[in-house]
Amino acid sequence: MESHRATTEAVTPESIQQMIAAGLECENVQVRGDGRHFEALIVTVAFEGLSRVKRHQLVYKTLGSRMDEEVHALSMTTLTPAEWAEVQQEIRARQKQK
């Protein structure tokens, strides 16, 4: 009965974040959501050289069956550390313009 309970526990942004971090060596991972619909920012060198589709497939593989059974929707921003640095630089530049 214990194993059944583990698979029926509510999925939280924190639990998804922990699963991603456990499966991928992330420089940054942030997840927001309401229990069924989630948004994730994932930054890892594992994405280098991969298309957006391949990056998403890597994350889905990391989440395994929980993705199919418990997460209704996961919107992802998947970046390499260099891409993440560019995004942060653009944000800082915009903030200076205000």
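**Entry 1: salt bridges**

I began with E39. E39 forms a salt bridge with R32, and their closest N and O atoms are 2.5 Å apart. The model I am reading is a predicted one. I checked how open each partner is. E39 has 41% relative accessibility, so I put it down as partly exposed. R32 comes out at 57%, and therefore counts as exposed.

How many salt bridges does the count come to? I get three salt bridges. I went on to the other two pairs.

I looked up E83 next. Its side chain meets that of R55 in a salt bridge, at 2.8 Å from N to O. E83 sits in helix α5, residues 81-97, and R55 in helix α3, so this pair ties together parts that are 28 residues apart in sequence. Is R55 buried or exposed? R55 is buried, with a relative accessible area of 8%. The cut-off for buried is under 20%, so the 8% of R55 qualifies. E83 is partly exposed, at 28%.

The remaining pair I noted is R94 with E90. The closest N and O atoms of this salt bridge are 3.8 Å apart. The cut-off is 4 Å, so the pair is counted. Both residues belong to helix α5; they are four residues apart, which means a separation of about one helical turn. E90 shows 42% relative accessibility and so counts as partly exposed.

A reminder to myself on the general point: side chains of opposite charge can pair when their charged atoms come close.

**Entry 2: overall layout**

I stepped back to the whole chain. I list five helices and three strands. In what order do the elements run from the N terminus? I read them as α-α-β-β-α-α-β-α.

I took the spans of the C-alpha trace along its principal axes. They are about 55 × 30 × 20 Å. The chain has 98 residues, and buried ones make up 33% of them. I also looked at contacts between residues at least 6 apart in sequence. Of these, 57% join residues at least 24 apart.

**Entry 3: helices α2 and α3**

I fitted the pair α2 (residues 13-23) and α3 (residues 52-63). Their axes come within 9 Å and cross at roughly 105°. The two helices are therefore roughly perpendicular to each other. Which residues make the contact? From α2 I list I16, M19, I20 and G23; from α3, V59, T62 and L63. Sorted by class, this contact has five nonpolar residues, two polar ones and no charged ones.

**Entry 4: the nonpolar core**

I then looked for the largest nonpolar core. It has 17 residues. I noted those with the most contacts inside it: I16, I20, I42, V59, L63 and L74. Which elements give two or more residues to this core? They are α2, β1 (26-33), β2 (37-44), α3 and β3.

I16, I20, V59 and L63 turn up in the α2 and α3 contact as well.

I set aside its neighbours within four places in sequence. I42 is then in contact with I20, C26, N28, V29, F47, V59, M76, T77, T78 and L79. Two of these partners, I20 and V59, are among the core residues with the most contacts.

**Entry 5: two loop residues**

I went to T80. It is placed in the loop between β3 and α5. Is T80 buried or exposed? T80 is buried, with a relative accessible area of 6%. Not counting residues up to four places away in sequence, T80 touches V43, T44, F47, E48 and R55.

**Entry 6: R92**

My last stop was R92, which lies in helix α5. At 47% relative accessibility, R92 counts as partly exposed. How far apart are the C-alpha atoms of R92 and T44? I find 21 Å, for residues 48 apart along the chain. T44 is one of the residues that T80 touches.

Methods: Residues numbered from 1 in each chain as written. Predicted model: local features only at pLDDT ≥ 70, side-chain atom pairs only at ≥ 80, totals over all residues. Heavy atoms only, no water. Axes fitted to C-alpha atoms, helices over the stretch in contact; angles between N-to-C directions. Parallel < 35°, antiparallel > 145°, perpendicular 65-115°, else oblique. Contact = heavy atoms within 4.5 Å. Nonpolar A, V, L, I, M, F, W, Y, C, P; charged D, E, K, R; others polar. Core = buried A, V, L, I, M, F, W, Y, C linked by side-chain atoms within 4.5 Å. Buried < 20%, exposed > 50% of the residue type's maximum accessible area, 1.4 Å probe, protein only.
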